[in-house]
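Hi everyone, thanks for making time. Let me put the model up on the screen, and then we can walk through how its pieces pack together.

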Amino acid sequence: MNSFEQLREAEQALLEIFSAIDAQVKHNLKRVLDAFRDHRVGAHHFAGVSGYGHDDLGRETLDQVFAQVMGAEAAVVRVQFVSGTHAIACALYGVLRPGDEMLAVVGSPYDTLEEVIGLRGQGQGSLLDFGIKYRQLELTDQGKIDWQNLTTSITDNTKLVLIQRSCGYSWRPSLSIADIEKIVQIVKQQNPHTICFVDNCYGEFIETQEPTHIGADLIAGSLIKNPGGTVVSAGGYIAGRSELVEAAACRLTAPGIGSQGGATFDQNRLLFQGLFLAPQMVGEAMKGTYLTGYVFDKLGYPVNPPPLAPRGDVIQAIKLGSAKKLIAFCKAIQQHSPIGSYLDPIPDDMPGYESQVVMAGGTFIEGSTLELSADGPLREPYIVYCQGGTHWTHVSIALQAAIEAVINIE
C-alpha cells in the first residue's frame with residue numbers, strides 16, 4: 001500500500017471521530033459567541049489607543065470576553081507578552097515571593113521554563129535566584145502522574161503547584177481536563193491556599209472546558225497557539241482569580257499600572273477575530289493529529305497519543321528513532337508549507353532549549369504552532385512533535401510527503 005492509499009484508509013477510519021470533533025467545535029464556538037454577545041462586542045472595539053494605552057475600551061472588553069470564555073474571574077490578553085513562556089513567567093513572578101515553594105506535579109517542566117526556574121543557567125534573575133524553592137514530583141516508571149505521592153506532597157509552604165497540560169518534549173500523555181480537576185482536588189484537600197497554576201499552552205479548546213472552569217486558580221498561554229486562531233501576530237494571556245491575574249499583570253507592566261496600561265497597536269480586531277476562529281482552527285488541528293497518529297501507528301512507529309485515544313492538546317508525537325528520520329520528516333513538512341517551502345530545516349541552538357532543535361515552521365506567523373509545524377530536539381529517542389494545521393486536508397498533503405521521506409531512509 002502506497003502513502004496515498006494509507007492516508008485514504010486512515011481518513012475513512014476516522015470519519016466518526018472527525019464528526020465528534022465537529023460537534024465539539026460547535027459547542028466551543030457557541031461559548032465564544034455567547035461571550036461576544038454578552039459584552040456587546042462591536043466594530044468600535046477595534047480601535048486602539050496609543051502611548052500608555054489608558055482607557056482602551058477594546059482591550060478592556062477583550063479581557064472580559066476572554067475571561068468569560070475561559071470560565072475565569074479576570075483575564076489579561078496582551079500583545080506585549082513575547083511568548084507563552086513569558087506569560088507563564090509573569091504569572092509565576094507575580095504570585096511567588098522569596099521563601100515560597102513551587103511544586104511541579106507532572107515531572108520536568110518544558111525546556112524553556114528551566115531557565116525561568118533556575119534549573120539551567122545562572123545570574124539572570126531566575127526564581128531560584130530570588131529565593132523561591134522548587135521541587136518536582138517525578139513521573140512513575142510508566143510515565144504517568146504519581147497519584148499516590150501527590151496525596152502527601154503539599155506542605156504549608158507550598159505556595160503554588162505547576163501543572164503543565166501539554167506533554168512538552170516528553171513522552172508522557174498530555175493532561176485531560178479530568179486529570180487537571182483531580183490534581184486540583186488532591187492539592188486543595190491538603191492545602192486550600194495553594195495556588196493551582198496551569199500552563200495551558202496547546203490545550204485551549206481541546207475539550208469543552210478549560211482548567212479555570214474546574215477549579216484551577218490561574219492559567220496562562222500563547223496567542224500564536226490555540227486561542228489566536230492563526231491570525232494573531234503576537235502575544236499571550238493570563239486568566240483566573242482576579243487578584244492573581246492583577247499580580248501577574250504587575251509583573252508584565254509595573255506595580256501601580258498592572259492591567260490598566262499597554263497600547264494595543266491597532267491589533268484589537270485581530271485579537272477578537274482570532275478568538276472567534278480558535279475553536280474551528282483547533283478542531284482542524286485535532287483532526288490532523290488523529291490522522292498523523294493513525295498512519296504512523298500503522299507503519300509500526302510508537303505514537304503518543306495512541307491513534308484513537310482522546311486528545312489533550314494539538315500535539316502528536318512520533319518516536320522515529322534516528323536523527324536522519326527526524327530531519328527528513330521536518331524537511332518534508334517544510335517543503336509542503338505555504339511559506340518558505342524552499343528552505344531546508346537544519347538542527348540549531350534555540351533560545352531557552354537545552355538541546356539543538358530541528359524545526360519545520362512554514363507558517364504565516366513566525367513560531368505559530370496552531371498552523372502546521374513539526375519539530376523535535378536532537379536527542380534520543382528522536383521524537384518528532386507535530387502540531388497545528390489550519391485545515392486537516394493540508395496536514396494530509398504534507399503527511400504523505402513525510403511518510404515517503406521516512407520510508408526512503410528505511
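Let's begin with strands S10 and S11 (residues 373-377), which run antiparallel and are joined by 4 bridges. One of the pairs there is Val 357 with Pro 377 in S11. A word on terms: helices (H or I, at least four residues) and strands (E, at least two) are DSSP runs, numbered from the N terminus, and two strands pair if DSSP finds at least two bridges between them.

Before going on, please keep in mind that this is a predicted model, where local features need pLDDT of at least 70 and side-chain atom pairs count only at pLDDT 80 or more, while totals for chains, interfaces and linings use all residues. Residues are numbered from 1 along each chain as its sequence is written, and side-chain values use heavy atoms, with hydrogens and water left out.

Those two strands belong to an open, antiparallel sheet of 5 strands, ordered S8-S9-S12-S11-S10. At the edges stand S8 (303-304) and S10 (357-360), each with a single partner strand, so one side of each has no neighbour in the sheet. Helix H9 (residues 268-298) packs on this sheet, touching S8, S9 (315-319) and S12 (383-387), and its direction makes about 15 degrees with that of S9. Contact here means heavy atoms within 4.5 Å; axes are lines fitted to C-alpha atoms, for helices over the stretch in contact, and angles run from 0 to 180 degrees between N-to-C directions. Helix H10 (residues 323-335) lies across S9, S10, S11 and S12, at about 25 degrees to S10.

Now, how do the helices meet one another? H9 and H11 (residues 392-409) pack at about 25 degrees, with their axes 9 Å apart. They are therefore roughly parallel to each other, a label for angles under 35 degrees, whereas over 145 counts as roughly antiparallel, 65 to 115 as roughly perpendicular and the rest as oblique. On the H9 side, the residues in contact include Leu 291 and Phe 296, and on the H11 side they include Trp 392 and Leu 399. By class, the contact of H9 with H11 has 9 nonpolar, 3 polar and 2 charged residues. For the classes, Ala, Val, Leu, Ile, Met, Phe, Trp, Tyr, Cys and Pro count as nonpolar, Asp, Glu, Lys and Arg as charged, and the others, Gly among them, as polar.

H10 also meets H11: their axes come within 8 Å and cross at roughly 150 degrees. H10 and H11 are therefore roughly antiparallel to each other. Among the residues involved are Phe 329 and Ile 333 in H10, and Ala 402 and Val 406 in H11. That contact has 10 nonpolar, no polar and 2 charged residues.

Over to the other sheet. This one is open too, with 7 strands in the order S1-S7-S6-S5-S4-S2-S3 and mixed pairing. S1 (74-78) and S3 (133-136) stand at the edges with a single partner strand each, so one side of each is left without a neighbour. From one strand to the next, the twist averages 15 degrees. Within this sheet, S4 (residues 158-164) and S5 (residues 195-199) run parallel, joined by 5 bridges. Gln 164 has Asp 199 in S5 as its bridge partner. Helix H3 (residues 57-70) packs on the sheet, touching S1, S6 (218-222) and S7 (236-240), with its direction about 125 degrees from that of S1.

Finally, zooming out, the protein has 11 helices and 12 strands. Along its principal axes, the C-alpha trace spans about 65 × 50 × 40 Å. Happy to take questions!
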